Amino acid sequence: MNKTLPSAAGNGLFQRLMQAREVGIAVLLLILMLVMSLRNPMFLKMANMQDIGMDCSVLVLVAIGMMLVILTGGIDISVGSTMALSGMVVALLLMNVPSIPPSVAVLIGAGVGTLAGVVNGGLIVLGKVSPVIATLGTMSVFRGLTFMLCYAFNEGRSVSADKLPTTFKEFTRSISWLFDWLLE
């Protein structure tokens, strides 16, 4: 029973790092950042990084939620449709009732998302439907509801920011001070 010991060179930190798939992704990201900054010197400026962060913030929040779902062994492919339905409800509400406080509108949007999650959870737990099948079905239902609301209340046109009340736009801009403080 002669066990061979691994070589000391193969156990090094660098060797272990190079075997991690995340390192490859990080290297690819750094190469991409280098290429983009060579094409446009403004790419690595703080203002651009802040814009990219603001543009990705919604996706990051959804990704964090999906990470929790995946860590518990589940899957939810209806998150995009849920986000669209919640956003459409809030946008149509603000467009048609501009006097509603922005914080109430945000809470209503969160409530719509929560209700969608309860429907998904009920189908999976109580209905014993596979998570993939349940969320595939609700994805179609939620997307259909989004289109129905859009046609019923806005003649099928998407709701653009210029249709929203100024108070809501100011509300969303007012929280940007947090990002400015974090980046300083």
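Me: Which loop does Glu155 lie in?

Reply: Glu155 sits in the loop between helix 6 and helix 7; helices are DSSP runs of H or I with at least four residues, numbered from the N terminus. The model is predicted, so local features need pLDDT of at least 70 and side-chain atom pairs 80 or more, while totals for chains, interfaces and linings use all residues. Residues count from 1 along each chain as its sequence is written, and side-chain values use heavy atoms, without hydrogens or water.

Me: What is the phi of Glu155?

Reply: Most residues other than glycine have a negative phi. Glu155 isn't a glycine, yet its phi is positive, about 55°. Glu155 is also exposed, at 61% relative accessibility (exposed means over 50% relative accessible area, 1.4 Å probe, protein chains only).

Me: And what about Lys128, buried or exposed?

Reply: Lys128 is exposed, with a relative accessible area of 71%. Its phi is positive too, near 55°, and Lys128 is in the loop between helix 5 and helix 6 (131-154).

Me: How many residues line the largest pocket?

Reply: Rolling a probe the size of a water molecule over the atoms shows where empty space is left. A pocket is an open set of points on a 1 Å grid over the protein atoms alone, where a 1.4 Å probe fits, with protein on both sides within 12 Å along at least five of seven lines; lining residues have an atom within 4 Å of a point. Here 36 residues line the largest pocket, with Val58, Leu61, Met83, Gly87 and Phe168 nearest its centre.

Me: Which helix gives the most to that lining?

Reply: Helix 4, with ten residues.

Technical notes. Helix = DSSP H or I, 4+ residues; strand = E, 2+ residues; numbered from the N terminus. Buried < 20%, exposed > 50% of the residue type's maximum accessible area, 1.4 Å probe, protein only.
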